[in-house]
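Q: Could you walk me through this model? I'd like to begin with the core.

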Amino acid sequence: MTEPWPKGIRCACLLTFDFDADVVWAYQGVKDPVSVSMGKFGPKVGVPSLLNLLDMFDIKTTFFVPAWVIENYPAAVEQIVERGHEIGHHGYLHEPGSSFKSLDEEEEKIVRAMEVVTKFCGRRPIGYRAPYFDLSLNTLAILAKHEFQYTSELMDTLVPEYHIINGRKSGMLNLPIHWVLDDLAHMYYHITARKSILTCGQILEHYTEQFEAIHAYGGLFTLVMHPEESGRPSRVLMLKTLIERIKSRSDVWLTSPAEVVKYWQLAHPVLCENSAAPKTTRVRSARIARRCASPQPPRS
Ligand SMILES: [Zn+2]
């Protein structure tokens, strides 16, 4: 694919958030107040600060939120929704996919969390990011069955790609990520996970290097951030500098996952490439393909 993006656009950028609060500690049954407070920083300080930053640049994006976090921090999630951002599915109690004993158990948990998001937002989630980036061998089939339009955890491409499920290309996209664009790789520290905390200068250098290289390649830059870490003041200021650098390029589309998915489905319809698709779906796809013969330019 030589021209993945609309005319005049070299690469697309997504600033996404996994709003985990203290769910990881809850999942592990850890109750010590200091560990839990690391998570509580998200709803108390991180989310409001980051929402203000996003507003400053009129950026809309997705916050992937475990259902347990919605139930425990409804005011913070309400703020996210009110400011125009999408809520994505991020498990119920942030369970890794590999922890489920069966497809039925995993589906029951995915549906339960989906219902919490739907009730809270008034519409069902279309996006999913696997907690810990951990998919089971059943997760994608379950999500496709429940009509999710995209996930965001696979690392094997630099542009969106339709998931292959049971040997067939599905209509569900992956928005690629990588550990180097996950803030926790650079920022996280705990007494049980002693590792270096990079300075904001080093992290900005990491992010900028990735942005410049993905821009040169013509791919999708997907930053994965956690309000519990990226919401600290020095890092919010660092992100402001990063956004200014991204926005200084006129050929970059800084947008939301939902907008990229909408564009990709129209500009690169899955079933144009999937001749083995059922006839009814082919007809629908042909209609979409005609409609998207000249895709609308994206809103930046
Ligand atoms: Zn998470």
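Q: Which residues have the most contacts inside the largest nonpolar core?
A: In this predicted model, the largest nonpolar core has 64 residues, and those with the most contacts inside it are C13, L14 and V69.

Q: And which strand gives the most to this core?
A: That is strand 1, covering residues 11-18, which gives six residues to this core.

Q: What does L14 touch, leaving out residues up to four places away in sequence?
A: With those set aside, L14 touches T61, L175, L220, F221, T222, L223, T255, P257 and V260.

Q: Stepping back, how many helices and strands are there in the chain?
A: The secondary structure comes to twelve helices and nine strands, in a chain of 300 residues of which 39% are buried. Among contacts with a separation of 6 or more, 73% are between residues 24 or more positions apart.

Q: On to the helices: at what angle do helix 2 and helix 4 pack?
A: Helix 2 (residues 33-56) and helix 4 (residues 74-82) pack at about 5°, and their axes are 10 Å apart. Since angles under 35 degrees count as roughly parallel, helix 2 is therefore described as roughly parallel to helix 4.

Q: Which residues make the contact?
A: Helix 2 contributes P43, V47, P48 and L51, while helix 4 contributes A76, Q79 and I80.

Q: Changing topic, where is E86 found?
A: E86 is found in strand 3, which runs over residues 86-89.

Q: Is E86 buried or exposed, and why?
A: E86 is buried because 21 other C-beta atoms lie within 10 Å, where the cut-off for a buried residue is 20 or more.

Q: What does E86 touch?
A: Not counting residues up to four places away in sequence, E86 touches T62, G127, S256 and A258. As for T62, its C-alpha atom and that of E86 are separated by 4.6 Å, although the two residues are 24 apart along the chain.

Notes:
Residues numbered from 1 in each chain as written. Predicted model: local features only at pLDDT ≥ 70, side-chain atom pairs only at ≥ 80, totals over all residues. Helix = DSSP H or I, 4+ residues; strand = E, 2+ residues; numbered from the N terminus. Buried ≥ 20, exposed ≤ 12 C-beta atoms within 10 Å, placed from the backbone. Contact = placed C-beta atoms within 7 Å. Core = buried A, V, L, I, M, F, W, Y, C linked by C-beta atoms within 7 Å. Axes fitted to C-alpha atoms, helices over the stretch in contact; angles between N-to-C directions. Parallel < 35°, antiparallel > 145°, perpendicular 65-115°, else oblique.
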